[in-house]
Amino acid sequence: MTYHFRQALLAMRGNLTATLATLGTMTLTLLMLGFVVLLTQNVGRTLSQLESQVEVAAFLRDGADTQGLLTQVRALPQVREARLVTRAEVLDEMTRDYPYARDAAELTGNPFPDTLRMKVARVQDSTTVAASVSRLSGVQDVEYGAGYVDQTVRTLSAIRGAGYVLVGLLLFGTLLNILNAVRVAIYSRRNEISVMRLLGATRGFIRMPHLIEGVLLGLLAGVISVAVLAPAYFQLAGRVQTLVPVLPIITESRTIWPILAGMPVLGVLVGLIGSFFATGRYLRELE
């Protein structure tokens, strides 16, 4: 193993330009990959928070059968939670935000209707639930912020989907870079490898230094990526939290560090797989 390790280091030093190019490409790719993964996680958390806060509000007519309507909306499969808010409770809520609301209600009467508030299992179900509830007898109007919710969910879902696609493309590009780098390294040693084959060296013996080279490059690229991305992300997250405190930015170490720790592991795997296929293809060409 010491021999193979030394040969890998010699090959990296002998092809320094290709080695640095591959290392730089892998580092940039892993950096972008880590950033996209963290962005996707933040978008996912924002979507979850948005979904948990979306409510469908049904305003009831005077004299409506509130308990009967509550039973009917709870029976809808898309409704996760439903509760009745009486007109007196609505007035109390409005008074907390607008202290003069109670004074106005004492003069003109409580203008707020009894309201059914429902939370749906998925935010996409809001439209279906609103349509179903609006057809119930005793319901005057239904509100769920259709324009805001639908547009926000579509935008965030598109960002998350684009992130997943970008992650796949970056991984594929990294594999191609490793394949090219290892092929260059093997080509530079083609005469030595031909002699080794004539002397009866096995495929595993010839392949081992290149596998080690791929693993070393992947590990080094992963470590550099983490060293750059970790402080940059925490600083950026702190600024975003200061500017937009309502966004649920991920700052918990127990969530971030497993993602960052996976980058060197991913670099090693990509380097190993790329080297394995590159050497296998070249050795088949020799045979």
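**Close-up views of a predicted model**

**View 1**
Thr-66 lies in helix H3, where helices (H or I, at least four residues) and strands (E, at least two) are DSSP runs numbered from the N terminus. At 18% relative accessibility, Thr-66 counts as buried, a term that stands for under 20% relative accessible area, with exposed meaning over 50% and partly exposed in between (1.4 Å probe, protein chains only). When neighbours within four places in sequence are left aside, the contacts of Thr-66 are Leu-60, Leu-84 and Asp-114, a contact being heavy atoms within 4.5 Å. The model is predicted: local features need pLDDT of at least 70 and side-chain atom pairs count only at pLDDT 80 or more, whereas totals for chains, interfaces and linings use all residues. Residues are numbered from 1 along each chain as its sequence is written, and side-chain values use heavy atoms, with hydrogens and water left out.

**View 1. Bridges between the strands.**
Strand S1 (residues 55-60) and S4 run antiparallel and are joined by four bridges, and Leu-60 stands opposite Val-139 in S4. Five bridges join S1 to S3, again in antiparallel fashion: Ala-58 has Leu-116 of S3 as its bridge partner, while Ala-57 stands opposite Arg-117 in S3. S2 and S3 likewise run antiparallel, with six bridges between them, and the bridge partner of Val-85 in S3 is Thr-115. Five of the six residues of S3 are buried, so this strand is largely enclosed by the rest of the structure.

In an unreviewed entry, UniProt lists residues 54-142 as "domain: FtsX extracellular"; UniProt positions are given in the numbering used here, feature names are shortened, and annotations may be inferred rather than shown by experiment.

**View 2. Helix H1 and its buried face.**
Helix H1 (residues 2-14) has 13 residues and reaches 18 Å from its first C-alpha to its last, close to the 18 Å expected at 1.5 Å a residue, that expected span being 1.5 Å times one less than the number of residues. Its buried residues are His-4, Gln-7, Ala-8, Ala-11 and Met-12. Seen down the axis of H1, these buried residues fall within an arc of 135 degrees, so they line one face of the helix; the arc is that of the directions from the helix axis to the C-beta atoms. Thr-2, Arg-13 and Gly-14 are exposed on the other side of H1. Among the elements that cover the buried residues of H1 are helix H2 (16-53), helix H8 (190-198) and helix H9 (203-243).

Leu-31 lies in helix H2 and, at 18% relative accessibility, counts as buried. Although Leu-31 and Gly-222 are 191 residues apart in sequence, their C-alpha atoms are 8.4 Å apart in space. Apart from neighbours within four places in sequence, Leu-31 is in contact with Ser-225, Val-228, Leu-229 and Met-263. The UniProt annotation "transmembrane region", from an unreviewed entry, covers residues 20-40, 162-186, 215-236 and 256-278. Residues 215-236 are 100% helix and 0% strand, with their end C-alpha atoms 31 Å apart, and residues 256-278 are also 100% helix and 0% strand, with end C-alpha atoms 33 Å apart.

Notes
Pairing = 2+ DSSP bridges.
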